Amino acid sequence: MLHVPPEMITRLQPSVKAMQVITMALMMAPVLFIAVIFAAIDTDNLHSEPKMLILLAAATGVISYILSFFFGPAFRKSVNASDPVEYTDVKTLLTGLQTSHVIRCAMIEAGIYLNLVVLLLDHGWVNLYIAGFGMVLLTLLFPTKGRTVRGIEKGLND
């Protein structure tokens, strides 16, 4: 089982910080959008009527969330790692993890925006819940140094 040496983990920190900043930016845009929506609509008019547009947007959002967990990992890279681990192998795997993470977050964000736009148009609680669920997913996917190193180690051992 190959492990990432501690000196390489230290060198990965700027890349992890960049992924964290990108994720925070992807999370803040829907938060600002929901603030604009709540300023523009009367929250007393929110309803739970099962209209086709509301249900279609909710279903599409959930499907987008599910597909993000299949399409995101498809962009990971693989390497034939040597023992000891070389920095070029780690950097290649990190690039694939970054691409995979951004694609996954973008697909989740697409589902969030779709439901927020329908919330703006049709005022359905369901769309607010689905968008909130997407925000929870983005929060749970927030990249940490430990999670990134585990992902790299998994790629080294595959």
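I began with R104, which is buried, with a relative accessible area of 12%. The term buried means under 20% relative accessible area, exposed means over 50%, and partly exposed lies in between (1.4 Å probe, protein chains only). I note that this is a predicted model, in which local features need pLDDT of at least 70 and side-chain atom pairs count only at pLDDT 80 or more, whereas totals for chains, interfaces and linings use all residues. Residues are numbered from 1 along each chain as its sequence is written, and side-chain values use heavy atoms, with hydrogens and water left out.

**Entry 1: R104 and its surroundings**

I located R104 in helix α3. Which residues does R104 touch, not counting those up to four places away in sequence? I listed S68, F69, G72, P73 and L141. Contact here means heavy atoms within 4.5 Å.

**Entry 2: Overall build**

I counted five helices and zero strands in the protein. Read along the sequence, the pattern is α-α-α-α-α. The radius of gyration is 19 Å, well over the 15 Å that the globule rule gives for 158 residues, so the protein is more spread out than a compact globule. That radius is taken over C-alpha atoms, and the rule is 2.2 Å times the number of residues to the power 0.38. Helices (H or I, at least four residues) and strands (E, at least two) are DSSP runs, numbered from the N terminus.

I also noted that the C-alpha trace spans about 60 × 25 × 15 Å along its principal axes. Of the 158 residues, 41% count as buried. Among contacts between residues at least 6 apart in sequence, 85% join residues at least 24 apart.

**Entry 3: Nonpolar cores**

I looked up the largest nonpolar core, which has 20 residues. Such a core is a set of buried Ala, Val, Leu, Ile, Met, Phe, Trp, Tyr and Cys residues joined through side-chain atoms within 4.5 Å. The residues with the most contacts inside the largest core are Y65, I108, I112, L116, L119 and L138. Two or more residues of this core come from each of α1 (6–40), α2 (52–71), α3 and α4. The largest share, six residues, comes from α4.

I then followed I112. Leaving aside its neighbours within four places in sequence, I112 is in contact with P30, Y65, A131, G134, M135 and L138.

**Entry 4: The loop residue H123**

Where is H123 found? I placed H123 in the loop between α3 (87–122) and α4 (125–140). Most residues other than glycine have a negative phi. H123 has a positive phi of about 55° although it is not a glycine. At 21% relative accessibility, H123 counts as partly exposed.

**Entry 5: Two separations**

I found A59 in helix α2; A59 is partly exposed, with a relative accessible area of 39%. The C-alpha atoms of A59 and N115 are 56 residues apart along the chain and are separated by 9.6 Å.

I found Q13 in helix α1; at 24% relative accessibility, Q13 counts as partly exposed. The C-alpha atoms of Q13 and C105, 92 residues apart along the chain, are separated by 20 Å.
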